Amino acid sequence: MLAPTLEADPATPTTPDAMGDDQLMLAYAAGDAAAFDMLYARHENALYRFVKRLLGLRLSAEVDEVFQDTWLRIVAARASFSAQGAAWRTWAFTIAHNLAMDRLRVSGREVQFYAHDEDGDGLEAGRLFSRGLLNEGASPSDTAHPSAEEIAFWRAAGRRLLACLDELPDDQRAAFLLHHEDGFTVEALADALDTHFETVKSRLRYGIKKLRECMERYLSVLRVRK
């Protein structure tokens, strides 16, 4: 995706790779198109994955459009971004969240079960399973050379997690992904979702409870391994 070309500001630093996200956004707003390219390169994969998992399999055909709309909104709002407000990453993921949730509401999404692999994402999702649902046991990265059996286990666990995520209510799935995958604190989530702190905590608590119930077979295996 190419950013609109703006007149460069000679005062803008020439090494965007050394700048933080907030600085990059301010530099882009001042006319440095290379700063936008760096932001896009840093966050393309994480934003795309977030949108894809939030929309779920049923709306998978709309992932690219929502993803592109997110970046178009970021471009359009470049002049209004403030480093004194939310961090750029929080700001950008909030835009993606709002666009995806709007799409889910319009679609009248029905909760269904999908045992899908999200284009071979099972192993990566297995890491999310380990990080987000457990504070115990092993993860795919615990050993330098995991066995074929271990890799197969984590791929299967990851595929199951993606299916379990698809069963969650949209607001619980969004809270879980933002908190456990993208590192939002509960406070940042409350601000980003424009809701109360306790509401966010409840969404996370109920969402994780449902995911643990859905993932019980894999949790049981890990408990036995310990």
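This is a predicted model: local features need pLDDT of at least 70, side-chain atom pairs count only at pLDDT 80 or more; totals for chains, interfaces and linings use all residues.
Local features need pLDDT of at least 70 and side-chain atom pairs pLDDT 80 or more, while totals for chains, interfaces and linings use all residues. Residues are numbered from 1 along each chain as its sequence is written, and side-chain values use heavy atoms, without hydrogens and water.

Helices are DSSP runs of H or I with at least four residues, numbered from the N terminus. Helix α4 covers residues 88–107. Its 20 residues reach 29 Å from first C-alpha to last, close to the expected 28 Å. The expected span is 1.5 Å times one less than the number of residues. Most of α4 is covered, with 14 of its 20 residues buried (under 20% relative accessible area, 1.4 Å probe, protein chains only).

Helix α6 (residues 148–167) also has its end C-alpha atoms 29 Å apart. Buried residues of α6 include Phe153, Trp154 and Leu161.

The whole structure holds eleven aromatic pairs. Rings of Phe, Tyr and Trp (its six-membered ring) pair if their centres lie within 6.5 Å, and planes under 30 degrees apart count as stacked. Phenylalanine 36 and tyrosine 40 are stacked, because their ring centres are 6.3 Å apart and their planes lie at 25 degrees. Both residues lie in helix α2 (residues 33–55), four residues apart, about one turn.

The charged end of arginine 205 sits over the ring of tyrosine 206, 5.3 Å from its centre (NZ of Lys or CZ of Arg within 6 Å of the ring centre and within 35 degrees of the ring normal).

Notes:
Helices (H or I, at least four residues) and strands (E, at least two) are DSSP runs, numbered from the N terminus. Buried means under 20% relative accessible area, exposed over 50%, partly exposed in between (1.4 Å probe, protein chains only). Rings of Phe, Tyr and Trp (its six-membered ring) pair if their centres lie within 6.5 Å; planes under 30 degrees apart count as stacked, over 60 as edge-to-face and the rest as tilted.
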